[in-house]
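Q: Please take a close look at one part of this model, the interface between the two chains. I am new to the structure and would like a connected description.

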Number of protein chains: 2
Amino acid sequence: MPTPSAERSDPEAARKRVIIEAVAPEIDGGAFPVKRTVEDRLRVEADIVADGHEVLAAELLYRRAAESDWAAVPMRPLVNDRWRGEFTVTDLGRCRYTIRAWIDRFRTWQRDLQIKAEAGQDLAVDFLVGADLVAEAQKQAAPRDAQGLMEWALALQQEGETAARLQKALDPELTLVMGRYPDRRFITTYDKILSVVVDPVKARFSTWYEMFPRSSSPEPGRQGTFQDCEARLPYIAHLGFDVLYFPPIHPIGSTHRKGRNNVPQSTPEDVGSPWGIGSSEGGHLAVHPQLGTLADFRRLLARAREYGIDIALDVAFQVSPDHPYVREHPTWFRWRPDKTVQYAENPPKKYEDIYPFDFETEDWEALWQELKGVFLFWIDQGVRLFRVDNPHTKPFRFWEWLIGEIKEAYPETIFLAEAFTRPKVMYRLAKLGFSQSYTFFAWRNTKWELMQYFTELTQSGVFEYFRPNLWPNTPDILTEYLQFGGPPAFRSRLVLAATLGANYGIYGPPFEHCLSEARAPGSEEYLNSEKYEIKYWDLDKPGSLKEFIARVNRVRRENPALQQDRPLRFFPIDNEQLICYGKFTEDLTNIIVVVVNLNPHHTQSGWLELPLEDLGLDPRQPYQVHDLLGDARFLWHGPRNYVELNPLVVPAHIFRIRRRVRTERDFDYYL
Amino acid sequence: MPTPSAERSDPEAARKRVIIEAVAPEIDGGAFPVKRTVEDRLRVEADIVADGHEVLAAELLYRRAAESDWAAVPMRPLVNDRWRGEFTVTDLGRCRYTIRAWIDRFRTWQRDLQIKAEAGQDLAVDFLVGADLVAEAQKQAAPRDAQGLMEWALALQQEGETAARLQKALDPELTLVMGRYPDRRFITTYDKILSVVVDPVKARFSTWYEMFPRSSSPEPGRQGTFQDCEARLPYIAHLGFDVLYFPPIHPIGSTHRKGRNNVPQSTPEDVGSPWGIGSSEGGHLAVHPQLGTLADFRRLLARAREYGIDIALDVAFQVSPDHPYVREHPTWFRWRPDKTVQYAENPPKKYEDIYPFDFETEDWEALWQELKGVFLFWIDQGVRLFRVDNPHTKPFRFWEWLIGEIKEAYPETIFLAEAFTRPKVMYRLAKLGFSQSYTFFAWRNTKWELMQYFTELTQSGVFEYFRPNLWPNTPDILTEYLQFGGPPAFRSRLVLAATLGANYGIYGPPFEHCLSEARAPGSEEYLNSEKYEIKYWDLDKPGSLKEFIARVNRVRRENPALQQDRPLRFFPIDNEQLICYGKFTEDLTNIIVVVVNLNPHHTQSGWLELPLEDLGLDPRQPYQVHDLLGDARFLWHGPRNYVELNPLVVPAHIFRIRRRVRTERDFDYYL
């Protein structure tokens, strides 16, 4: 009969009696890291059991990748053999964690000794068993503990009064010292080392403003420049945005250039789409000459930083027929039998102005390295946020490698995936490394849709790796809801985006100007879209939502509950046109309750119902709700309360709940 | 810059664009096999996606472990990128499965060609692209296909009428042949090979009868023998049982032997507990001399087989102080400082008549091999079913190894885990290999408890590896419900066990005799338990439930819906004392609806509600329910129907639902 073969590699495996399973968080068996941001707590749970009835002990181990030593924190049992431990992630980059557990012989002995003592059994032999355990620990003990353990062992061995020996045996000091020297021979270590990617806080909480730099001129009829963008910074900062995102800033191809409103034929006056990247003036490493120079761009970056604003660049891995790559690397493209390059297609649509890369090329390695170089180039200029265009049309393995490489060298980098595609593709892109992701938010407009979608995003395992970034509009997306809802629709969608998502963004100035005209009925494209022409925007236009946006963004900055996605809970409200939800910090010191009227045309009212005890509110006491948008304060009592929202005034409440902290004479104070 | 390192081992990994994830069934990332029985279908699902918009194809691969060639069945897409395939497991033992998927270039081309044709686009170049694909496939094609493909490629190249070329391009015959020669360079194979353990059908559907062979004598005052057991076989077969399970049949130790009713002191007349294994007459490989010889035992096995009955033995890995192991292998036990062997304890309880093995012994390997030898010895005698006593007090790794070894040589072996312990320990034992498991069924008596528990067992992932075996009573368990409910309690618990579980068993004759007297108030032990004394049972005792049991077991044999655990669904019924559920074959040809009155004292009535459409019943037509217990037939119409159950008559209905198949003149026929 053969030796138990699985046990050969680890000589002690056969006697390791503790098992560790169902570890969480763990994505796809540890194939992908979970995501956190600096100073977050990582809470780790596992099922830990052994045969028999002995007392177990477990530790959560963690370390920075580069370091060799594990730090350990004890785990504690919850119910049903579930254990939990947690630690704070302090540094950017990858941190590893795993679990180990063992049978705690000494505490088992103490527990049994106590039970036997209570049952009046003879303990003579038991004391000797304990003395052996202490003597065993003494052998491996540090000098400061060794002497004490030896004395304890002797004391347990000495015959004497049972009560005195028992007290000695159960001495908390002894328990503490013995806890330092478990019998490590049969310790079980979980068979996977798991990873958490620690991102900058902006990966979790960011407020994006998208604009076309070429339309930043303060006067009509002139192309905007990076210098004009500098002048725009105070406006953007006033509105409360901390990321300024530019569509591609590279030279634009002229072959098959699209005209205004995306018509196939262009005239010499047409400026082309910024996504038609590359011309004789350069490709992904060049700046469109009319925007300025690289030096101008770097200066803009520095100026923006003074306003607390990071600039995000658009990385679109595709080229115009005039891009230098087409000449220099013909093997990176797919050629058709007629000796032309295969342009982008989504039949029956043709994009003859765009060539996709052929990632199945034999020369894939050079292609991968070149594209990585594009990121490194802009990182060298000082950029740390990238909005990646259509990542779902490039291979998953490419992104996993590229993001892994970049983040190893620059762990502060943030990648936003612009993938509007099949849900599982979007989730996979997030798993493999994208820091934030566009979502279907723009098309979730009813209460039921919003509740379903955000429950999935925040309450399922998806939360561990997928960070939604919510956009009510983009240059490609002007939803029907915005087309026909007027300014109330823009306001309510803004509040939803800004409070359902810790990360959100708008495409301005069309958003704050409530621009709502589509190119054609049924189309979601803007009429006279800025994608194909240069615009002039009057920032002082009457009716602009800029002050409303500034207010909402200030509320976000001042309320930590709105700076995370996970603690989201929908509350019942008896009107299908009203949606109500709460967000709160774990310690409940900051509780926000949002009510939005989803009907942009009519006043809606209803009774909402708050789970007071879950929110830490005494159901017998009144509490204050402070509307952070309108600054009104209401005194509520009990779970059910009435709200009424006129969309033409303001379509939402963002309440902060204030608990009564004390009463003096006739005054109540709320915190 | 380094070469993408993860891609080095598989040179094509970088260009494999399809990913396969969320494969089901898959237990703990493939660490454990799922379970099926011979001739079951194994349905496998996965999420399969790629970048871009191309058409994918996927195959489920499977093979017997011993064979080298994979068989393949196509998978088909469901919704949301979920794919499914299935195959039948035909042979006992382990079968492996995995998935592969690829981008189907040809079907992508056909799809796009059709769209472009409908849009009236010029297809000249597209036909050439397709011709290249066909020519490429032709190079690797089998001779029977190569000629045809060459002709197709030429036809697509030839200029001519678009309509004719299009017809050629979309020819289903061409699609079929091309499907045989996918571009295999970048095929993705799932990175795990998963396993299914294929057990005999009895692992899924079995009916157990536990009895003490020493109490099988037909006359009072004489010890029963294996020969007496032979005479008992017709009775057991008449009751409808197909597994006869014996407590340990080995010599019993005398040191610290327990007396009647488990008192610590015994007299010379006391026969001892069969679980106190081992004396000077032998240990786990010996037969208690008063039961007969090994030859007698083998004859009993053979006779039982004639009745369709398998004999299951109890394997209890523990010894009496008199077991030969104690002398021969002192290192297999834990010694106390006073030079005595550590007996079993569960403080404050002491079991001085029982020594557990010390699995942490340095000599563990010899111990493991010896214990494996115990199974092999009884397998040599012809035994294939084992009820394993307290497996949760021996290490998980030991069982995983032992069951793996035994089942590799004897895949028809069935292991029943007798572990009443922490739920996660019970599930782990099932994962690592036990074929069936005892459950908490005995203590789940209310409607809510039963619904919760059986929903967990049958509707969660647990189903893939944990097969419940339900016991209303055992020699150790006489529940309060049975103590105080009288014969109606025994009947209703029998129906619940026999219909909620495809595997169930009773401990008889106490069960059919409705024996209900406990040793003490609050105790679940039988008064004058057979564990400590020899009994005489009068099988013709008035009031025996034997005919009722025979009826229930016949219903089980005749209705495949009751022979599996998974298709279980609880139906609403508006009385907390009545429980209603359905079981059905996947094709709905056999539908059973069970209603049980959980109150053993009073008649209960209520309205139940059946989901007619889910059961394949036309809501506009009447249907027949045939009570297989009482043989009454009722004509029902619509989902809501009235039931009334008097526990003193019969506390349950087991309805078979019969659909109206045709009407002739005045007669309706129901199937």
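A: Between them, chain B and chain A bury about 6,400 Å², of which 54% is on carbon and sulfur atoms; buried area is the accessible area (1.4 Å probe) that two parts lose on being put together, summed over both. B:Arg15, B:Glu360 and B:Lys424 supply 12% of the area that chain B buries against chain A, more than any other three residues.

This is a predicted model, in which local features need pLDDT of at least 70 and side-chain atom pairs count only at pLDDT 80 or more, while totals for chains, interfaces and linings use all residues. Residues are numbered from 1 along each chain as its sequence is written, chains are lettered from A and ligands numbered from 1 in the order in which they are written, and side-chain values use heavy atoms, with hydrogens and water left out.

In terms of contact (heavy atoms within 4.5 Å), 68 residues of chain B meet 67 residues of chain A. The rule finds 16 salt bridges across the interface, a salt bridge being a side-chain nitrogen of Lys or Arg within 4 Å of a carboxyl oxygen of Asp or Glu. B:Lys424 takes part in a salt bridge with A:Asp47, where the closest N and O atoms are 2.8 Å apart.

Several elements of chain B each supply at least two residues of the side that touches chain A, among them β1 (18-24), β3 (41-50), α1 (105-118) and α11 (423-432). Helices (H or I, at least four residues) and strands (E, at least two) are DSSP runs, numbered from the N terminus. The largest share of this side, six residues, comes from α9(B). By class, the side of chain B that touches chain A has 27 nonpolar, nine polar and 32 charged residues. Here Ala, Val, Leu, Ile, Met, Phe, Trp, Tyr, Cys and Pro count as nonpolar, Asp, Glu, Lys and Arg as charged, and the others, Gly among them, as polar.

The two chains are also related by symmetry: a rotation of 180° with 0.0 Å of shift along its axis superposes chain B on chain A, with an RMSD of 0.1 Å. That is the relation of a two-fold axis. The superposition is by least squares on the C-alpha atoms of residues with pLDDT of at least 70 in both copies. Of the residues of chain B, B:Gly29 comes closest to the rotation axis, its C-alpha lying at 2.9 Å. The same surface serves both copies, since 99% of the contact residues of chain B recur in chain A.
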